[in-house]
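This briefing describes the strand and helix arrangement of one protein model. The structure is shown first, and the points that follow are grouped by topic.

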Amino acid sequence: MEPRLEQYLAEQQLSEQTLKVVPLTGDASDRRYFRVLLKDAKPVVLALHAGPIDYAAMPFVAVAKLLSEVPVPVPAILHHSDPLGVIGLEDLGDVTLQAHLGAATATEHDALYRQAVDFIARMQERGEALRSDAYPPYRIAFDVEKLTWELEFFVKHYLLAYKGAAPTETERAALREEWSAIVDELAAERRVLCHRDYHSRNLMLHGDSLYIIDFQDARMGPDTYDLASLLRDAYVDLNPQQVDGLIAIFLAHKSGDRHPADEFRRRFDLMALQRNLKALGTFGYMTTSRNNTVYIQYIPRTLAYVKANLAKYRRFARLQGLLDPWL
């Protein structure tokens, strides 16, 4: 067993209760996760960080508190150790929304996605009421700088590194002009509380409810951001009728605001385009820089989203012409 985990279990008086410690599949961060099976008690998950932590200053801790006040379901934090770099969490099991969909009936599928959309609407509405600089998400946003960085990340890690594209300086300048037009519009929208990575792998099915995980990077952004993340998810297929229906459900939650359906859909598609391009950059980065080829399988679906949105709007004709040779 990892020595820090062994010491942590001893400090939490869990050593004698421990039956087994099982490594879990981690995320793309430097954290590692372990399930601790206990005698006569529910298992717990230990998040092992690369080194010591400052628990009180961690965005994860502050955002967990914020989301619990919304409220939306998040894993409970049970205990922690700053010097050992360990946080003990409620064990939500292993079933993500992505994993469950293969076994779900159509009725279950629809109910889970309605719940996921309900959570977005709740985070946006209550997030505004809870607004305070004491919480990290209210101090950072998807601004021009961040959104532009994400699109340049796509250029660097997908076009150049993964696809081997060699755009001329004229083509690079044209891309920057297209990015500027997209980013300026998105950054100018009214900002709401966003999870930032709200998709089927970050929603766990536990009991009768979905639980939200991996929320530490929450920030302010367009009201379409989390919805685009969920409905244009690289990891699952949703048919057009499902997408249309879930957008309608979201807009029904926001009936107090003025959201013409066609205008909202245009904004949704713009946000989805930016987010899917960033996702391609991530997949390229994980493949070429991290030697992790598991993400290659998700590129075709994400590319299909991008191509559909480029073809849908006349304003993207130039961008479509630039990208087509490389996509």
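This is a predicted model: local features need pLDDT of at least 70, side-chain atom pairs count only at pLDDT 80 or more; totals for chains, interfaces and linings use all residues.

In β3, Val 45 is the bridge partner of Arg 35.

- Strand β3 spans residues 44-48 and pairs with β2 in the antiparallel sense over five bridges.
- β2 and β3 form a hairpin with five residues between the strands, and Asp 40 takes a positive phi near 55° there.
- Strand β5, residues 86-90, also pairs with β3 in the antiparallel sense, over five bridges.
- Val 45, the bridge partner of Arg 35, has Leu 89 as its bridge partner in β5.

**Pairing of β1 with β2**

- Strand β1, residues 18-24, runs antiparallel to β2, and six bridges join the two.
- Within this part of the sheet, Pro 23 has Phe 34 of β2 as its bridge partner.
- Strand β2 covers residues 32-38, and five of its seven residues are buried, so this strand is largely enclosed by the rest of the structure.
- Buried here refers to a relative accessible area under 20%.

**The sheet as a whole**

- Strands of a sheet pair through backbone hydrogen bonds, in either a parallel or an antiparallel manner.
- Here, five strands make up an open sheet in the order β1-β2-β3-β5-β4, and the pairing is antiparallel.
- Helix α1, residues 3-11, lies across β1, β2, β3, β4 and β5, and runs at about 130° to β3.

**Contact between α4 and α8**

- Two packed helices are described by the angle between their axes and the distance between those axes.
- For helix α4 (residues 106-129) and helix α8 (residues 240-253), the axes come within 9 Å and cross at roughly 35°.
- The crossing in which α4 passes α8 is right-handed.
- On the α4 side, the residues in contact include His 109, Asp 110, Tyr 113, Arg 114 and Val 117, and also Asp 118, Ile 120, Ala 121 and Gln 124.
- On the α8 side, these residues meet Gln 242, Leu 246, Ile 249, Phe 250 and His 253.
- Sorted by class, the contact of α4 with α8 holds seven nonpolar, four polar and three charged residues.

Notes. Residues are numbered from 1 along each chain as its sequence is written. Side-chain values use heavy atoms; hydrogens and water are left out. Buried means under 20% relative accessible area, exposed over 50%, partly exposed in between (1.4 Å probe, protein chains only). Helices (H or I, at least four residues) and strands (E, at least two) are DSSP runs, numbered from the N terminus. Two strands pair if DSSP finds at least two bridges between them. Contact means heavy atoms within 4.5 Å. Axes are lines fitted to C-alpha atoms, for helices over the stretch in contact, and angles run from 0 to 180 degrees between N-to-C directions. A crossing is left-handed if the near helix is turned anticlockwise from the far one by less than a right angle, and right-handed if clockwise. Ala, Val, Leu, Ile, Met, Phe, Trp, Tyr, Cys and Pro count as nonpolar, Asp, Glu, Lys and Arg as charged, and the others, Gly among them, as polar.
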